[in-house]
Amino acid sequence: VSFPMACAATKWPPGPTKAQAKALDLFDIATFEQLHEEYGDVFILPLGEVPLVVTRHPKQIASILVELGDTHAFPRPPNVIANVQTLFGRALIGLDGAEHSKARTALNPHFFAPAALRRMHGQAAPVVAELVDKLGEAAGAGAVEAYFFEELLSIELVGVLNLGHRFNSIKEAQYPLVLQSLRLVDRLFLGRAMNNKWRQQEKETDTMAFDVSKGVLAACFQASLDGAKTEAGKDRTDSAALIWRDQKLTETEMVNQLTGFMAGVGNSARGYTDCVAMLCEHPQYQQRILAELHQVFSGLSPEAAAAAARRGDGVVPGASVDPAQFTFDQCQQLEFVQCFISECLRVLSPSTSTAPRYCPQEAEIGGYTIPPETKVLINIWGSHYHPEAFSDPFKFDPDRWNATPEGPSAKLKSNPLGYYPFGFGGHRCLGQRVALNNIVLHVAMLVGKYEVAFAETQKRGFAPGCSRWASKVSSIPWTTKLSEQILGFVEPQAGVHVTLRRRPAPVAAVPRPLGGSGAADAEVV
């Protein structure tokens with residue numbers, strides 16, 4: 001590979017030649033898996049005018065993504081920020097430095113404060129309950145494709161939590177206009193973000209569709225803000241209304257931030273789908289989860305809860321899920337559910353990378369000297385399968401997150417270095433805590449009411465264009481090629497088709513006859 005003379009003395013990472021790199025399918029995650037296996041944690045792709053360095057090493061990733069105040073040793077390339085802003089404007093995802101810090105400071109209290117998480121739990125629970133009931137209804141006639149419904153759940157939660165609006169997509173079982181628009185701009189936006197020549201290469205019809213769809217989204221967000229200004233809006237507690245009442249951002253900045261919140265719709269749906277798939281893949285963990293649900297929601301002792309789980313008793317007494325049954329405080333006690341979710345997001349991380357970075361000055365990565373202007377790509381997917389971060393990385397093991405794996409109750413460990421499903425540093429996902437709380441609700445309600453299994457129609461086995469690493473932990477094919485970008489989003493290649501069997505209603509619990517001292521000391525009759 002030939003490089004500018006100024007770089008002649010640079011110790012470059014190993015990697016393919018220009019001709020070899022040009023022939024690679026970089027939309028296929030399996031390509032990156034193979035490159036890491038061949039060249040190690042760090043390799044170089046000599047593409048375009050500026051080479052691209054790719055790393056999957058857990059500690060290197062943390063060093064690259066960490067920020068010191070408003071400064072960043074590896075900022076995002078200006079052209080990437082400019083491309084991001086074609087959709088999200090001045091949203092967090094399109095900001096860096098002091099501008100990003102200002103916006104983040106204004107938004108953090110609405111997404112990380114305990115009171116905010118409790119409020120959003122109460123808003124989300126009825127939506128998740130509706131989705132679980134709808135899945136059961138749809139599965140009544142046979143198999144149901146879970147990914148489709150998880151997308152509906154994701155857009156409904158964004159509507160309720162951030163806009164104070166219901167799209168009724170779950171009830172109607174169809175994509176609302178705003179989700180159709182989002183899916184279209186997502187596809188085009190991802191192509192733009194990594195391509196400086198998109199203006200010359202994008203089809204005119206695609207550009208027109210992008211602009212129209214972006215207008216649909218902007219009108220939706222502006223309508224939410226306008227509603228917050230009215231007398232009726234004074235009682236709203238969604239993010240749009242709260243941000244408006246804060247008055248820490250301009251109205252244009254508020255609309256931009258609401259647009260940015262939509263960036264999480266796709267990954268939330270993928271995260272929900274990951275968990276549904278792995279519940280089917282490893283049914284023994286459904287029983288572990290069910291036992292924990294009985295301890296927390298039925299008030300059974302560990303022994304009685306385990307017995308109820310072996311029988312398959314549910315925790316949902318009525319025909320429909322009662323969202324009031326799944327309180328915030330109780331869901332926070334579901335430690336094994338959180339262990340299970342953490343492992344799902346490790347082995348099937350919806351995002352395989354963060355936004356690319358670059359070196360404004362000469363830097364060192366993995367013992368290699370990287371010259372100025374070099375782009376750096378963070379391989380989150382590779383980090384999640386790195387043996388230095390996770391022992392036996394190709395084993396699906398929720399107990400790797402459990403501080404008491406041998407005990408009757410689980411205790412979630414803190415996240416290790418190398419686990420980045422929501423990013424890292426100052427640009428980590430704003431909605432991380434909210435998203436995790438919603439997944440806990442979803443898993444608890446689903447397993448508490450139904451036994452979930454793959455349908456006979458589910459496509460199984462490895463397929464070309466899919467991850468070879470994921471095939472070691474899951475029997476269904478997972479691919480990044482659908483998102484049409486370098487290190488794109490991990491999605492089920494042929495959907496996740498499941499059947500649901502309603503669990504028997506829970507057996508009543510009564511206090512132990514010999515002086516039990518609380519709900520935890522109850523036994524089943």
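Contact here means heavy atoms within 4.5 Å. This is a predicted model, in which local features need pLDDT of at least 70 and side-chain atom pairs count only at pLDDT 80 or more, while totals for chains, interfaces and linings use all residues. Residues are numbered from 1 along each chain as its sequence is written, and side-chain values use heavy atoms, with hydrogens and water left out.

**His 386**

- His 386 touches Asp 41, Arg 56, His 57 and Pro 58, leaving aside residues up to four places away in sequence.
- His 386 lies in the loop between helix H20 (380-384) and helix H21 (432-449); helices are DSSP runs of H or I with at least four residues, numbered from the N terminus.
- With a relative accessibility of 3%, His 386 is buried, a class that means under 20% relative accessible area with a 1.4 Å probe, protein chains only.
- The side chains of His 386 and Asp 41 form a polar contact at 3.0 Å; such a contact is a pair of N or O atoms within 3.5 Å, where within protein one must be able to donate a hydrogen and the other to accept it, and residues adjacent in sequence count only if both atoms are side-chain atoms.

**Cysteines**

- The structure has zero disulfides, a disulfide being a pair of cysteine sulfur atoms within 2.5 Å.
- Cys 280 is in no disulfide, and its nearest cysteine sulfur, in Cys 344, is 11 Å away.
- Cys 280 is buried, at 9% relative accessible area.
- For Cys 220, the closest cysteine sulfur is that of Cys 429, which at 19 Å is too far for a bond.

How values were computed. Buried < 20%, exposed > 50% of the residue type's maximum accessible area, 1.4 Å probe, protein only. Helix = DSSP H or I, 4+ residues; strand = E, 2+ residues; numbered from the N terminus.
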